[in-house]
Amino acid sequence: MTAETTPIEHTEEINARILAVSEDRVKGFHRHPFQFIAEESGVPFETVVERIRAMLKGGVIRRVRQTLLANKLAEGALVAWKVPNDKLDAAFDFMFKQDPFSGHVVLRSTDREVSGSDYKLWTTLKTPQGTDMREHADVLKRLTGAEEYLLMPAHGIFALGVGHVRRKTMEPGEKADEPAKMMTTNIADMDEEEWNVLLHLKGELSAEEVGPEPWAGRAEAAGTTLERFCEVAKNLDKKGVIGRFSTFLEHVKPSQAGVRVTRFNGLFHWKVPDGMQERGGGEVGRHTIMTHCYWREGGPRFGNVNIMGVVHGTDKDLIMKHKEAIDAHLASIGIPVEYTNVFWGGRSEIKPSEISPIVYREWHQKWAGVEGPVV
């Protein structure tokens with residue numbers, strides 16, 4: 001099969017089998033991640049490599065990379081921005097194109113006017129260890145002309161994955177046998193060798209690196225042997241700083257053939273009574289439709305919500321049925337929901353957040369004397 005005739009749509013049977021594994025089931029560090037995907041999907045290794053390369057070149061897969069648990073490496077928060085309507089798109093562009101520390105950048109809206117509905121620009125922000133997120137956010141506020149912002153760091157994490165392909169067939173109310181365990185956000189201690197390996201590990205893989213030894217070139221660039229590179233990476237995995245190896249689908253824009261992975265994403269907000277955040281987050285996070293679920297304090301601007309999570313899908317009504325099932329489950333086990341709401345995602349871009357203190361210093365030097373707004 002030639003490159004021109006290799007199927008690249010995520011809905012094609014073999015591709016779907018590969019993606020059902022490669023999106024979010026390759027946990028931790030693997031020296032041979034594509035062999036693992038082949039074994040778990042039942043698709044021959046050569047076919048896995050051919051298909052992932054073709055989907056990457058065709059734009060169906062946006063990036064292939066080893067993810068890091070950035071909450072263990074850098075200070076992080078979800079940030080809601082109140083920006084004048086005439087500056088929203090320009091502020092969005094600045095956050096996505098000019099700020100390497102902003103990851104997800106999304107414009108969100110509500111179906112009705114509620115607490116916080118005037119905060120329409122949402123980003124995730126990570127800043128390196130030893131820095132101040134508020135200092136960085138203040139600079140972004142000055143440069144974009146934002147009126148206000150709210151930092152919402154995660155106190156606990158209950159779900160963190162993607163898996164759009166395998167979630168397409170999930171029924172409302174489908175959940176794990178046990179509540180999700182809360183992951184903490186304690187920062188890990190790292191030595192110079194570990195940082196060196198980590199910074200070479202985290203970059204996106206090229207199509208040429210999709211193959212039997214994806215880390216060989218990274219080890220060489222890091223100035224070490226492949227065996228030592230992988231040994232350090234495994235130790236980083238044990239420290240809890242390595243996430244999953246993943247093929248990230250382009251889930252916002254349509255493919256060349258006009259096929260979309262998702263059409264809607266809902267950021268769900270719940271307020272459970274104080275003292276019940278860990279239990280409530282565990283019960284929400286056990287619902288397998290949730291791609292993300294966190295304990296974050298929204299404060300009075302957002303109705304004092306404390307559990308937040310995201311669901312993606314192609315049918316808005318079905319997404320709401322998933323939420324209704326979660327609401328019903330919480331009620332059935334005696335967890336009161338004192339307030340709830342949905343913020344719908346519109347324009348959206350995603351990039352990995354930078355965690356290098358060197359890049360951070362250079363960025364702040366560049367913008368130190370610039371009066372805002374620049375958008």
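User: How many aromatic pairs does the structure hold?

Analyst: A pair of aromatic rings is described by the distance of the centres and the angle of the planes. This is a predicted model, and the structure holds twelve aromatic pairs.

User: Which residues form one aromatic cluster?

Analyst: One such cluster is made up of Phe 29, Phe 34, Trp 215 and Phe 245.

User: Where do charged side chains sit over rings?

Analyst: Two cases may be described. The ring of Tyr 294 has the charged end of Arg 296 over it, 4.1 Å from the ring's centre. Lys 316 lies over the face of Trp 344, and here the distance from the ring centre is 4.8 Å.

User: How should I read the burial of a helix, and how many residues of helix H10 are buried?

Analyst: A residue counts as buried when its relative accessible area is under 20%. Helix H10 covers residues 277-285; seven of its nine residues are buried, so the helix is largely enclosed by the rest of the structure. The buried residues are Gln 277, Gly 280, Gly 281, Gly 282, Glu 283, Val 284 and Gly 285.

User: Is Val 305 buried or exposed?

Analyst: Val 305 is placed in the loop between strand E10 (292-296) and strand E11 (307-313). Its relative accessible area is 0%, and therefore Val 305 is buried. Apart from neighbours within four places in sequence, Val 305 is in contact with His 269, Trp 270, Lys 271, Arg 296, Glu 297, Gly 298, Gly 299 and Tyr 339. Arg 296 is also the residue whose charged end sits over the ring of Tyr 294.

User: How far apart in space are Val 305 and Asp 315?

Analyst: These two residues are ten places apart in sequence, and their C-alpha atoms are 25 Å apart in space.

User: What is to be noted about phi of Asn 304?

Analyst: Phi of Asn 304 is near 55 degrees, which is a positive value in a residue other than glycine. Asn 304 is in the loop between E10 and E11. With a relative accessibility of 38%, Asn 304 counts as partly exposed.

User: Why does Glu 194 count as buried?

Analyst: Glu 194 belongs to helix H7, residues 192-201. Glu 194 counts as buried because its relative accessibility is 8%. When residues up to four places away in sequence are not counted, Glu 194 touches Asp 189, Val 232, Leu 236 and Lys 239. Val 210 is 16 residues away from Glu 194 along the chain, and 23 Å separates their C-alpha atoms.

User: Which peptide bond is cis?

Analyst: The bond from Gly 372 to Pro 373 is cis, with omega near -10 degrees. Pro 373 lies in the segment that follows helix H12 (357-367).

User: How many cavities of 30 Å³ or more are counted, and what lines the largest cavity?

Analyst: The count comes to two cavities of 30 Å³ or more. The largest cavity has a volume of about 40 Å³. Its lining consists of Met 170, Glu 171, Pro 172, Gly 173, Glu 174, His 287, Thr 288, Ile 289, His 322 and Ile 326. By class, four of these lining residues are nonpolar, four are polar and two are charged.

Note on methods. Residues are numbered from 1 along each chain as its sequence is written. This is a predicted model: local features need pLDDT of at least 70, side-chain atom pairs count only at pLDDT 80 or more; totals for chains, interfaces and linings use all residues. Side-chain values use heavy atoms; hydrogens and water are left out. On a 1 Å grid over the protein atoms alone, a cavity is a set of points where a 1.4 Å probe fits but cannot get out, and a pocket is an open set with protein on both sides within 12 Å along at least five of seven lines; lining residues have an atom within 4 Å of a point. Grid points are joined across faces, edges and corners, and a volume is the space filled by probe spheres set on the points. Ala, Val, Leu, Ile, Met, Phe, Trp, Tyr, Cys and Pro count as nonpolar, Asp, Glu, Lys and Arg as charged, and the others, Gly among them, as polar. Helices (H or I, at least four residues) and strands (E, at least two) are DSSP runs, numbered from the N terminus. Buried means under 20% relative accessible area, exposed over 50%, partly exposed in between (1.4 Å probe, protein chains only). Contact means heavy atoms within 4.5 Å. Rings of Phe, Tyr and Trp (its six-membered ring) pair if their centres lie within 6.5 Å; planes under 30 degrees apart count as stacked, over 60 as edge-to-face and the rest as tilted. A charge sits over a ring if NZ of Lys or CZ of Arg is within 6 Å of the ring centre and within 35 degrees of the ring normal.
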